[in-house]
Amino acid sequence: MPNPLIVSGPPYIKNGETNHCLMFDVYIAAVPVMLAAVFFAGPYAIVVIALSILSAMATEAIIQMIKTPGYRFRPVVYNILTSDRITILDGSALVTGILVAFNVPPQVPFWLPVVGSAVAISLGKQIFGGLGHNIFNPALFARTFLLAAWPAHMTSWVAPFDWGSYLGRLSWFPSTWKIQAVDAVSSATPLTLMKNEGVLTPYLNLFLGNTGGCIGETCALAVLLGGAYMLYKGTITWHIPFTYLTTVAILTGLFGKDPVFHLFSGGLMLGAFFMATDVVTSPVTKWGRIWFGVGCGVITVLIRLFGSFPEGVSYSILIMNACTPLIDRYTGGARLRLQVVGNLRTP
Amino acid sequence: MDGFLPTFIRRKQTPPRSSGAAYDQPAQSFLDPGAVIIPLQENPRDPYQCLVKPREEVAAGQKIGERGEGSFRLAVHATISGKVKEVETHPAPQGVHVASVVIESQGKEEPPLKIPAETEVGPDLLLQAGIPLNYPRLSGGNTDILMVNGTEFEPNLAVHPYLLRQEASRVVGGLATLMDIFSISRSCVYVDRSQPGLLWALEEALGKEKRIVPCRVRQAIPPAGEAELAREVLKRRNGSSPPRATFVDMAFLPAVRAAVEERLPFIERVITVSGSGIPRPLNVKVRVGTPFEAVIRRCGGDLERLTQIVMGGALTGISQPDAQVPVTQQTPGILALVSFAMGKGHQSKMYQEGPCIRCAKCVDRCPVSILPNLIAGYCRKKMFAEAEEKGLFLCIDCGLCTYVCPARIPLAEILREAKSRKERHPEEVGS
């Protein structure tokens with residue numbers, strides 16, 4: 001034998017999936033949402049998303065450099081590509097950055113997503129020990145942080161972007177690229193309108209995203225497309241989105257409200273498909289995921305209908321994230337049961 | 001940056017069947033190896049008796065030794081005609097060195113000798129034929145029901161489907177003979193629900209035989225899960241004690257039939273040879289004792305390029321350090337792998353072990369509903385009591401958790417290590 005044979009433990013095959021692939025699946029699923037965001041929130045959404053991603057990745061790299069003992073800063077680029085300690089290429093910071101950008105209003109000052117992503121990565125993720133160890137969804141953590149710190153910026157909603165007037169005056173001069181106050185007409189979200197004035201936004205506008213709201217949450221169609229892609233790839237399972245949306249629909253119907261309006265308004269779709277299904281902070285057992293979705297739905301409906309806030313998706317998911325270890329403990333008992341058996345004729 | 005660009009391929013959650021075509025055609029015969037290595041023991045401490053000396057001429061089917069002691073002594077036969085080269089310890093595919101007889105062929109091909117006619121049909125005949133059944137359990141009324149696993153859990157093996165497709169009548173005949181010999185009244189054969197053709201073949205071969213019941217299962221059953229399967233299937237709701245089941249390897253049933261009808265010893269069996277080092281997977285009928293090297297050569301594999309040789313399946317098999325190990329009666333197949341970038345230095349950053357992101361893929365796939373990620377975490381922190389409480393010993397070593405893990409954590413290896421730790425230091429665990 002010219003080459004010695006490798007001896008290792010079974011199994012000898014793997015399906016080739018990596019953490020990186022899972023994270024990139026979320027990124028691909030977010031592409032339609034990003035396109036819808038640019039269409040309805042205007043070209044400034046590109047700036048917000050890009051700044052948010054850059055801030056998230058830079059924060060992660062800097063924190064991991066500080067954590068690495070004896071790190072040599074000079075060949076930074078080389079080290080980012082090869083070091084085991086710096087994991088910004090695994091895509092988790094990228095996804096967090098995108099989700100933070102989805103959770104801010106369209107006309108925020110440019111530093112708000114930067115601060116938000118930095119907080120999400122540092123206080124939301126790295127302080128717990130990095131990827132896989134955080135208790136709360138980092139993007140929602142950042143959203144609640146921003147909402148508490150700068151409530152005025154985080155609740156100043158504008159109507160969908162007027163591409164007609166913007167393109168009409170666009171020319172080769174960079175001075176005309178700037179978005180003027182004419183484009184950003186102040187407006188309220190459908191949920192605020194519902195809560196304060198009792199106005200029902202048309203279903204088609206809600207479904208397509210032609211309303212006020214955060215960058216990523218308005219277009220339910222794009223979120224559903226992304227969610228379908230993630231379900232197809234197996235990145236998420238149906239348990240959390242299905243039970244979450246079903247619970248909200250049933251409860252709002254029981255309380256005499258319009259279930260369709262509540263399903264498609266606000267951040268429910270984005271929350272159900274992109275936020276609650278975050279693998280790190282959701283339960284691992286099937287029944288745990290189902291209870292998680294039900295809990296999210298109940299808390300969302302309670303906040304929306306009886307709380308003082310118009311929207312409760314982010315708080316509901318954060319509360320259920322805190323319950324995740326408990327849910328795992330009570331649903332993940334060792335059961336001596338072979339799942340493979342079924343359809344048997346017992347002799 | 002291998003593994004960096006995202007793919008749109010939907011990753012499989014169960015291993016794809018790589019041996020698909022192997023059972024649709026008759027097995028190729030490879031009955032004339034140059035030399036065979038016949039183990040006389042299963043474990044190095046087992047008692048055995050050797051009846052031949054070096055440089056002695058033996059004929060195929062001649063009894064050359066006995067395995068075990070007491071009333072259940074199993075005969076070991078020469079599987080080719082030739083001259084005994086040596087009687088020495090030799091590596092066996094179970095990963096141990098055992099006493100073995102090496103026979104070199106002299107170029108003569110003759111039909112194997114038959115079992116002497118004075119042996120009556122009974123357990124004694126099966127022992128004389130060298131069929132390694134669980135005799136203490138089968139005889140003496142310790143078994144109420146015989147179970148045969150006709151599903152193939154390993155993606156690279158196709159022996160059970162082959163036997164059902166091509167030799168169903170011999171399998172059924174062997175099972176009926178076994179029930180007659182040990183006076184067992186019932187038996188059942190499990191067939192994968194996704195392979196209805198095999199069920200039809202089995203039902204056709206059964207004919208009017210009412211004692212054997214074909215059962216469909218949702219998914220293939222790993223050999224280690226057979227005890228759980230029996231417990232699950234045979235549990236009684238009204239509190240009476242469940243019937244005692246014994247599993248029989250389907251590959252032995254044609255040999256039982258041949259021993260009783262034609263008085264032939266168990267010297268050849270069907271194995272599946274597959275893997276990236278083999279041009280196409282195929283079933284081969286080989287003599288027991290044929291070295292893996294000869295089988296792989298015969299199937300078109302290039303030994304110079306192989307990096308790993310595995311006895312058995314890709315999920316639970318045993319990796320071999322040497323290509324000179326023999327095919328034993330229990331060997332279901334050979335996996336010959338040519339893999340690139342196996343060492344850590346050759347791997348891209350993306351394929352190295354990462355943190356567990358709790359994606360729950362291992363939990364969803366686990367056939368016994370335990371939480372492999374949680375238990376592996378406990379085992380790594382040496383919290384064996386907690387790991388045991390969470391069901392460490394329910395693990396049946398199927399390997400699916402490692403197969404699907406995107407963080408590339410060797411979950412199955414960690415769990416197996418923790419389980420063997422209990423055997424080595426029973427006082428440390430659970431204190």
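## Two domains in chain A

The centres of domain 1 of chain A and domain 2 of chain A, taken over C-alpha atoms, are separated by 22 Å. This is a predicted model, in which local features need pLDDT of at least 70, side-chain atom pairs count only at pLDDT 80 or more, and totals for chains, interfaces and linings use all residues. Residues are numbered from 1 along each chain as its sequence is written, chains are lettered from A and ligands numbered from 1 in the order in which they are written, and side-chain values use heavy atoms, with hydrogens and water left out.

Domain 1 of chain A covers 19-154 and domain 2 of chain A covers 191-338; such bounds come from an automatic or database domain assignment. In contact (heavy atoms within 4.5 Å) are 34 residues from domain 1 of chain A and 30 residues from domain 2 of chain A.

## Between the domains of chain A

The two domains of chain A bury about 2600 Å² between them, with 74% of it on carbon and sulfur atoms. Buried area is the accessible area (1.4 Å probe) that two parts lose on being put together, summed over both. On the domain 1 side, A:D25, A:F40 and A:L140 lose the most area to domain 2 of chain A, together 20% of what that side buries.

The rule finds one salt bridge across this interface, a salt bridge being a side-chain nitrogen of Lys or Arg within 4 Å of a carboxyl oxygen of Asp or Glu. A:D25 and A:K233 meet through their side chains in a salt bridge, at 3.1 Å from N to O. On the side of domain 1 of chain A that touches domain 2 of chain A, α1, α2 (44-67), α4 (92-102) and α6 (138-149) of chain A each give two or more residues. The largest share, 11 residues, comes from α1(A). Helices (H or I, at least four residues) and strands (E, at least two) are DSSP runs, numbered from the N terminus.

## Chain A against chain B

Between chain A and chain B about 6800 Å² is buried, 57% of it on carbon and sulfur atoms. The contact takes 68 residues from chain A and 90 residues from chain B. Three salt bridges are found across this interface. B:D364 forms a salt bridge with A:R289, and the closest N and O atoms are 2.7 Å apart.

Helices of chain A that each supply at least two residues to the side touching chain B are α1 (19-41), α3 (76-82), α11 (220-233), α15 (286-306) and α16 (313-331). With eight residues, α1(A) gives the most to that side.

## Inside chain B

Chain B is assigned domain 1 (1-30 + 271-348), domain 2 (33-112), domain 3 (123-261) and domain 4 (353-429). Seven residues from domain 1 of chain B and eight residues from domain 4 of chain B are in contact. These two domains bury about 600 Å² between them, 58% of it on carbon and sulfur atoms, and the count of salt bridges between them is zero.

Chain B also has an open sheet of four strands in the order β2-β8-β7-β4, with antiparallel pairing. β2 (35-39) and β4 (57-58) of chain B stand at the edges with a single partner strand each, so one side of each is left without a neighbour in the sheet. Two strands pair if DSSP finds at least two bridges between them. β4(B) is joined to β7 (residues 82-91) of chain B by two bridges, and these strands run antiparallel. B:V58 stands opposite B:G82 in β7(B).
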